[in-house]
Amino acid sequence: MPQKQEVNSTSGGGMKRSLNIRDLQPTDHTIAINVNFQNDSGDTNVLKIEASNLLATEFKPGYKVIGFRNDITTNSTYFFLANPETGLSEFGRILDNQTIPDLGDSDIVSCSDCDKRIDLSEPLENQIQVATQLYETLLSDCEDNKCLNLSVLHPIKESNIQIKNEKCGNTLYFTDNYNPPRYIQLDNLDIYSFEGDINCSEDNRVATCLNCERLRMFRLFEEAQIA
């Protein structure tokens, strides 16, 4: 649950509660919620929202998050998961991730024979939290075809995940600097569940758990042979 943070700073950018608002610099802030001035790469003076301590969802046992991207256009957060024990990988999302329950303090309570007071809520560490959001698997490989090939040793930085609204729909581009650059057509996920195509009304499609060749940003081609 986001908590209000008030931090005094005497040098550089940061929280400066004691300064007059007219004396604030562009990198100064009077108040913020769950923020950090250092990003994942160690760069400073970067205002970044920290992760919440409110349970949103639970992923499949054994899977680790190696990359994620929040997208306000589709109102979703997309996740890349890897299972280091089985070698399996998957890609999924949480819809409507901006909706969170209010577990904060109650309003001021007033009674005739007592003083006004704040009714404090139960601390999160004393609560048995229940997941409030549903994680949905969109693409996953299988034991016979571990082609997604994601690894906890090669996390996907948020800057290496881009979502673009194109003519064919929303497309997510990503790279882990381990596998070839790839992309996912978010509005056309069915194409990854089969190999082959429909040519001249002839259906040559064969079902598969995941066709990773369609994920490639740069397709592999064989040189044409002329008889």
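Phe91 counts as buried in this predicted model, at 1% relative accessibility. Phe80 is buried too, with a relative accessible area of 1%.

**Strand β8 and its neighbours**

What does β8 pair with? One partner is strand β7, residues 64–71, which pairs with β8 in the antiparallel sense over seven bridges. In that pairing, Val65 stands opposite Leu81 of β8. The hairpin of β7 and β8 has four residues between the strands, and Asn75 takes a positive phi there, near 55 degrees.

Another partner is strand β9, residues 89–95, joined to β8 by seven bridges and also running antiparallel. Ala82 stands opposite Ser89 of β9. This hairpin has six residues between its strands, and in it Gly87 takes a positive phi near 80 degrees.

**Rings that meet**

Now for the aromatic side chains: the count comes to eight aromatic pairs. The rings of Tyr78 and Phe91 form a stacked pair, because their planes sit at 5 degrees, with the centres 5.8 Å apart. Tyr78 is in strand β8 and Phe91 in strand β9, so to say 13 residues apart, and the pair links distant parts of the chain. Both Tyr78 and Phe91 are buried.

Phe91 also pairs with Phe80, and this pair is tilted because the planes are at 45 degrees, with the centres 5.0 Å apart.

| Pair | Centre distance | Plane angle | Arrangement |
|---|---|---|---|
| Tyr78 and Phe91 | 5.8 Å | 5 degrees | stacked |
| Phe80 and Phe91 | 5.0 Å | 45 degrees | tilted |

Elsewhere, ring pairs link Phe59, Phe68, Phe79 and Tyr135 into a cluster. Lys164 lies over the face of Tyr173, at 5.6 Å from the ring centre. The charged end of Arg205 sits over the ring of Phe194, 5.2 Å from its centre.

**The nonpolar cores**

Which residues have the most contacts inside the largest nonpolar core? They are Phe80, Phe91, Leu172 and Ile184, in a core of 21 residues. The elements giving two or more residues to this core are β8, β12 (135–140), β13 (161–166) and β14 (169–174). Of these, β8 gives the most, with three residues.

Leaving aside residues up to four places away in sequence, its contacts include Phe80, Phe91, Leu139, Leu172, Phe174, Leu189, Tyr192 and Leu215. Asn170 and Thr171 are also among the residues that Ile184 touches.

There is a second, separate core of six residues, which includes Tyr63, Phe79, Leu88 and Tyr135. Phe79 and Tyr135 are also among the residues in the ring cluster.

Technical notes:
Residues are numbered from 1 along each chain as its sequence is written. This is a predicted model: local features need pLDDT of at least 70, side-chain atom pairs count only at pLDDT 80 or more; totals for chains, interfaces and linings use all residues. Side-chain values use heavy atoms; hydrogens and water are left out. Two strands pair if DSSP finds at least two bridges between them. Rings of Phe, Tyr and Trp (its six-membered ring) pair if their centres lie within 6.5 Å; planes under 30 degrees apart count as stacked, over 60 as edge-to-face and the rest as tilted. Buried means under 20% relative accessible area, exposed over 50%, partly exposed in between (1.4 Å probe, protein chains only). A charge sits over a ring if NZ of Lys or CZ of Arg is within 6 Å of the ring centre and within 35 degrees of the ring normal. A nonpolar core is a set of buried Ala, Val, Leu, Ile, Met, Phe, Trp, Tyr and Cys residues joined through side-chain atoms within 4.5 Å. Contact means heavy atoms within 4.5 Å.
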